[in-house]
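Subject: A structure for you to look at

Hello,

Here is the structure I promised to pass on. Have a look at it first, and then read on for what turned up in it.

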Amino acid sequence: MAHQWRGVIREYFDRLDIEKGNPIITLGEGGTPLVDAPALAKLVGADEVYLKVEGMNPTGSFKDRGMTMAVSKAVGHGAKAVICASTGNTSASAAAYAAAAGITSVVLVPEGKIALGKLSQAVAHKAQILQVQGNFDDCLRLARDLAENYPVHLVNSVNPDRIEGQKTGAFEVVERLDRAPDIHVLPVGNAGNYSAYFKGYLEEFNEGVIKRVPNMWGFQAEGSAPFVNGGPVKNPETIATAIRIGNPASWDLALSAQECSDGRFGAVSDAEILWMHRFLSQEVGVFVEPSSATGAAGLLKTVQQGTSVAGKTIVVTVTGHGLKDAGWALKDEDGNEIKPQIVSSRAEEVAERLGLA
Ligand code: AN7
């Protein structure tokens, strides 16, 4: 049989905190493409920009890298049920990995604030879903409380197994480039992924594989930007529902990653996010969910505000697939619905409509 990618635990077993003999629950996550994005490089004036396309993971987001670790270790400890709070992608991933493991999943999501694709994934994988009257931060508080007092294992990124699995994204970037990028850009919600990439790069640095750690640049949505405001946001708001988080779980880890990497945090408006969402689809060929365009939008804004990235090699993690939250592609710049025209099946008419005749 031909070799296929074996998932991040088997591919990086020696570099992960997991014991021999622990069951491995995998759906083949990781090994995602690093896509050259010359149109984005040109737009921002960088030497090279690559997108780490995490939408290519089994459930369509980067969460799978951490979930394979969290669920495998939960099963290793005898857990029969896992629980998470989620803005959507974590719930989709937890539900899928629990299904693969043959255990139950419970997901708490903010009422009415998760994208349809993600909700349908959690339902498809038979999660017990509850919509909580509150925001993500309320859901996380509740999930922690339940995991502490009832027989259910928490798989949010406050569980270090999640960060441990997600650090493999940095390993893959280094393997592909044969060095570290100068700058690594990410969208930030709970800041788990930002912290995980830094951990991965730092380990590569400590092992002498790379000569320096990239500057870690993290971007939030303006209405939901605790790292920029310097403290929690009580009522976070943004159309980028994945990162509609006011009280990030990985606050301390992320701040130290920012300091140690000489990195930065910034915020972009919903309009800037949607502009970049469209640019990535139309000019790069990569369809991401709006939240996932936040990093690239922040990179552009930083350049527009006067920071040059000339000569730099930049990697931008695009975190989730466009099909997760597909409706945004069907709106134009002014928010009007885009509806493909209806035509007869006569070639002359079709040619005329297409402007070919
Ligand atoms: C597409 O699913 O928090 O900064 O509950 O789904 O590590 O939180 C999702 C977060 C970026 C932010 N992009 O990552 C959840 C959840 C997408 C996301 C983030 C999320 P973190």
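Two residues are in contact when heavy atoms of theirs lie within 4.5 Å. Please also keep in mind that this is a predicted model.

Let me start with V71. This valine sits in helix 3, which covers residues 63–76. Leaving out residues up to four places away in sequence, V71 touches I25, Y97, A98, A101 and I103.

Next come two histidines. H184 belongs to strand 7, residues 183–187. Its relative accessibility is 0%, so H184 is buried as well. The side chain of H184 makes a polar contact of 2.7 Å with the side chain of T317. Setting aside neighbours within four places in sequence, the residues in contact with H184 are V173, Y197, Y201, P214, N215, M216, W217, V315 and T317.

The other histidine, H277, is part of helix 12, which runs over residues 270–284. Is H277 buried or exposed? With a relative accessible area of 5%, it is buried. If residues up to four places away in sequence are not counted, H277 touches F287, V288, E289, P290, A293, W328 and A329.

Now for the way some of the helices pack. Helix 8 (residues 168–177) and helix 9 (residues 192–206) have axes that come within 7 Å of each other and cross at roughly 50°. The two are therefore oblique to each other, since angles between 35 and 65 degrees are neither roughly parallel nor roughly perpendicular. Their crossing is right-handed. On the helix 8 side, G169, A170, F171, V173 and V174 make the contact, while helix 9 brings in Y197, G200, Y201, E203 and E204. Sorted by class, this contact of helix 8 with helix 9 consists of 6 nonpolar, 2 polar and 2 charged residues.

The crossing of helix 9 with helix 11 is left-handed. Here Y194, S195 and F198 of helix 9 meet L253, A254, A257, Q258 and C260 of helix 11. By class, the contact of helix 9 with helix 11 has 6 nonpolar and 2 polar residues, and no charged ones.

Last, take a look at helix 13, residues 294–304. How many of its 11 residues are buried? The count is 10, so most of the helix is covered, going by the cut-off of under 20% relative accessible area. The buried ones are T294, G295, A296, A297, G298, L299, L300, K301, T302 and V303. Among the elements covering them are helix 2 (38–44), strand 7, strand 8 (215–221), strand 9 (264–268), helix 12 and strand 10 (313–318). Strand 7 is where H184 lies, and helix 12 holds H277. After helix 13 comes G306, which has a positive phi, near 115°.

Enjoy exploring it!

Best wishes

Technical notes. Residues are numbered from 1 along each chain as its sequence is written. This is a predicted model: local features need pLDDT of at least 70, side-chain atom pairs count only at pLDDT 80 or more; totals for chains, interfaces and linings use all residues. Side-chain values use heavy atoms; hydrogens and water are left out. Helices (H or I, at least four residues) and strands (E, at least two) are DSSP runs, numbered from the N terminus. Buried means under 20% relative accessible area, exposed over 50%, partly exposed in between (1.4 Å probe, protein chains only). A polar contact is a pair of N or O atoms within 3.5 Å; within protein, one must be able to donate a hydrogen and the other to accept it, and residues adjacent in sequence count only if both atoms are side-chain atoms. Axes are lines fitted to C-alpha atoms, for helices over the stretch in contact, and angles run from 0 to 180 degrees between N-to-C directions. Angles under 35 degrees count as roughly parallel, over 145 as roughly antiparallel, 65 to 115 as roughly perpendicular and the rest as oblique. A crossing is left-handed if the near helix is turned anticlockwise from the far one by less than a right angle, and right-handed if clockwise. Ala, Val, Leu, Ile, Met, Phe, Trp, Tyr, Cys and Pro count as nonpolar, Asp, Glu, Lys and Arg as charged, and the others, Gly among them, as polar.
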